[in-house]
Amino acid sequence: MTVATYAAAQLLRVLPRERITRAVGRLCDARLHPVLSKVVVDLYTRAYRVDLDAAAPAPEPYESFDAFFTRALREGVRPPFEDALSFISPADGRLHDAGPVVEGGELLVKGQHYLVSELVGDQAEAQRYVGGQFAVIYLSPRDYHRVHSPVAGAISMIRSMPGDLYPVNSIGERHVPKLFSRNRRVAIVIDTPAHGRVTVVMVGAMIVGRITVSALDARDVPLGDHVIDPALPLQRGDEIGRFHLGSTAVMLVERGAFPRWDRPLGPVLFGEPLHIPSSPGATPHGGDSER
């Protein structure tokens, strides 16, 4: 660990993370003059090498930075992988880690041990995933920040949990124990006819305090359990949530829902399978190896 890394880690502990997040959130929501909008978007796009070719055409300059950050994709640019029974990546980003949920409901992410109960906010619910699998997708500042359903099914529950707002980056991972379960989280529960129950946990971070979901009409997901009755039907690839600035999605599946993930860690696009296709001609629709 370098001196600079250590100093940055100590600074994170004393920063008023929630106040900084609220202040940046207000700036991102503020309406921008068209000229300023073009300047801000151009600077950000250049700094982070954002692929705007994948974005839906904007009829005019984005009205706010948040409108740019939560931009939609161009129609047809991320077709879900053709095998209807495959699990697809719920987001653009980097497949950060994947593996089994072992006895006790524990999973290992980059050397840190997590309990599923801490991620999903319910001990009984966590038992469903023992013997199942998890996948972690990290969304960087350059990525598209809407999250989609990895399977066909229906949203039956939204569980919104309070937490801190540490940054989800290499410094945060190394120096903040159980980072993902300490930060603010929103668990989206999807019941499926083919794979049992699947949960996608959207993890907040510093400057990412606000999360919206398609199943609730709210500017931010209110804390607590929200039963969706009737359940909200989903096709594979339907939007389920948005990060207002970026963070991480953790996907959990039950035992036997699908063979072990075998996709190599690294860049992944929404719609690509989280496994290596076995049938001839069945290939992912192509990621960006430069990401």
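**Strand pairing and an aromatic cluster in a predicted model**

Strand E9 and strand E11 (residues 239-244) pair in the antiparallel sense, joined by four bridges. Helices (H or I, at least four residues) and strands (E, at least two) are DSSP runs numbered from the N terminus, and two strands count as paired if DSSP finds at least two bridges between them. Within this pairing, Val213 stands opposite Gly241 of E11.

The structure is a predicted model, in which local features need pLDDT of at least 70 and side-chain atom pairs count only at pLDDT 80 or more, while totals for chains, interfaces and linings use all residues. Residues are numbered from 1 along each chain as its sequence is written, and side-chain values use heavy atoms, with hydrogens and water left out.

E9 and E11 belong to an open sheet of three strands in the order E5-E11-E9, with antiparallel pairing. Strand E5 (146-148) and strand E9 (210-213) stand at the edges with a single partner strand each, so one side of each has no neighbour in the sheet. Neighbouring strands of this sheet are turned against each other by 20 degrees on average, direction ignored; the axes are lines fitted to C-alpha atoms, and angles between N-to-C directions run from 0 to 180 degrees.

Elsewhere, strand E1 (residues 93-100) pairs with two strands. With strand E4 (residues 133-138), E1 forms six bridges in the antiparallel sense, and Arg94 stands opposite Tyr138 of E4. With strand E13 (residues 266-268), E1 forms three bridges, again antiparallel; here the bridge partner of Gly93 is Val268.

Rings of Phe, Tyr and Trp (its six-membered ring) pair if their centres lie within 6.5 Å, with planes under 30 degrees apart counted as stacked, over 60 as edge-to-face and the rest as tilted. By this rule there are nine aromatic pairs. One of them, Tyr62 with Phe68, is edge-to-face, at 5.5 Å centre to centre and 65 degrees between the planes. Tyr62 and Phe68 are both buried, meaning under 20% relative accessible area with a 1.4 Å probe and protein chains only.

Phe65 and Phe69 form a tilted pair, at 6.0 Å centre to centre and 35 degrees between the planes. Because they are four residues apart in helix H4 (residues 65-69), about one helical turn separates Phe65 and Phe69. Both are buried. Ring pairs link Tyr44, Tyr48, Tyr62, Phe65, Phe68 and Phe69 into a cluster. Arg71 lies over the face of Phe68, 4.7 Å from the ring centre; the criterion is NZ of Lys or CZ of Arg within 6 Å of the ring centre and within 35 degrees of the ring normal.

Key
Buried means under 20% relative accessible area, exposed over 50%, partly exposed in between (1.4 Å probe, protein chains only).
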